[in-house]
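Welcome to my notebook. I went through this structure step by step, and here is what I looked up.

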Amino acid sequence: MKKSVSPVSCFRLPEMVERSNTRYHRMFITRISMIFLLISILSVLSWFLILSSTNPNRVLDHISVSGPTDSPLIIIKNSEKSPQQNDAELPNPKNSGAAKTEEVKETLQCNQKVSPPSPRPLKVYMYDMSPEFHFGLLGWKPERNGVVWPDVRVNVPHHPGGLNLQHSVEYWLTLDLLFSELPEDSRTSRAAIRVKNYTEADVVFVPFFSSLSYNRFSKVTQKQKQRRDRELQDKLVKFVTAQKEWKISGGKDHVIMAHHPNSMSTARHKLYPAMFVVADFGRYSPRVANVDKDIVAPYKHLVPSYANDTSGFDSRPVLLYFQGAIYRKAVSACLLHK
């Protein structure tokens, strides 16, 4: 006999089929989720394992996360250091003793006061010019023919005082070079020394007392047709430009003293490639004298200092205020009373 199916069972059958399908889908989704989770875990572990095999100190240096836009965001820590630097930071028991020894040595070296090496003195070749260009202007005369320089160990020619001392740099520089040749010179370090060979020299010194020549011989006397200062300048140009040292360098390594602003008034325009020792650039054209090649030497201090001066600010009723300018003699001095 055939079994009869009740109407209620016919209505429940689709419901049972639907429930079974829903369970199946749930189980399928659960398995897919577990598989995806497992794959994700394995991927993360493999990433950490790769980093750890490369450098154990950088396991946490790179962390990959997902941002709100599902784009990978990389957070990097200690990225400025290279793997070699990180490896060097690891303590090594074998090298720790040597490292401490090196640190002690470096500390001792830093604590020791090491004096800097003294600078090499300037090597100067000085022309053996006639005394009429230098000490002859002071009245010095050589004892015999052929002698150019005075024996500074016995007698140093006296320089005239007064305002002549303002521009006496030519006198002192020449004497300094002469004293540098003495073996008994007690100074351990010198700024410049005289050499007899031009090929060893750094500069060539022209010993012409141009400032003294102007101060004492710039006026024409009744017995002269031309100023002696002008004659000396013409002789100087003729002598210097005829030297082989001048022809080799074109005069660029020559040092000529023109400290008085009115000295070398004619010779400066013919010897301008040389380096001039000047007091300022007020009376020179930029082609003749400029800061690129020339040397500015200060005046010699002529104001005497007070001995045992105990006066203070309150005991001085007059204040001196000085205002200078970049142009020569364009200065002003003011006395201010308190």
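Before starting, I noted that contact means heavy atoms within 4.5 Å. Helices (H or I, at least four residues) and strands (E, at least two) are DSSP runs, numbered from the N terminus. This is a predicted model, in which local features need pLDDT of at least 70 and side-chain atom pairs count only at pLDDT 80 or more, while totals for chains, interfaces and linings use all residues. Residues are numbered from 1 along each chain as its sequence is written, and side-chain values use heavy atoms, with hydrogens and water left out.

**Entry 1: the sheet.** I looked up how the strands are arranged, taking two strands as paired if DSSP finds at least two bridges between them. I found an open sheet of 6 strands with parallel pairing, in the order S4-S3-S5-S6-S7-S8. Its edge strands are S4 (192–194) and S8 (295–296), each of which pairs on one side only.

**Entry 2: strand S6 and its partners.** Which strands does S6 join by 3 bridges? I found S5 (residues 203–206), running parallel to S6, and S7 (residues 275–278), also parallel to S6. Phe-205 stands opposite Val-255 of S6, and Ile-256 has Phe-276 in S7 as its bridge partner. Further along the sheet, S7 pairs with S8 in the parallel sense over 2 bridges, and there Val-277 has Ile-295 as its bridge partner.

I then checked the side chains of S6 (residues 254–257), where buried means under 20% relative accessible area, exposed over 50%, and partly exposed in between (1.4 Å probe, protein chains only). His-254 and Ile-256 point one way, Val-255 and Met-257 the other, and all are buried.

**Entry 3: helix H5.** Next I turned to H5, where Ser-210, Ser-211, Leu-212 and Ser-213 are buried. What covers the buried residues of H5? I noted that the cover includes helix H4 (169–179), H6 and S6.

**Entry 4: Ser-218.** I found Ser-218 in the loop between H5 (210–217) and H6 (228–241). Ser-218 counts as buried because its relative accessible area is 16%. Its side chain reaches the backbone oxygen of Tyr-214 at 2.7 Å. Leaving aside residues up to four places away in sequence, Ser-218 touches Ser-213, Arg-227 and Asp-229.

**Entry 5: Arg-153.** Is Arg-153 buried or exposed? Arg-153 is exposed, because its relative accessible area is 56%. I located Arg-153 in the loop between strand S3 (122–126) and H4. Its C-alpha atom is separated by 9.8 Å from that of Leu-178, 25 residues apart along the chain.

Conventions. A polar contact is a pair of N or O atoms within 3.5 Å; within protein, one must be able to donate a hydrogen and the other to accept it, and residues adjacent in sequence count only if both atoms are side-chain atoms.
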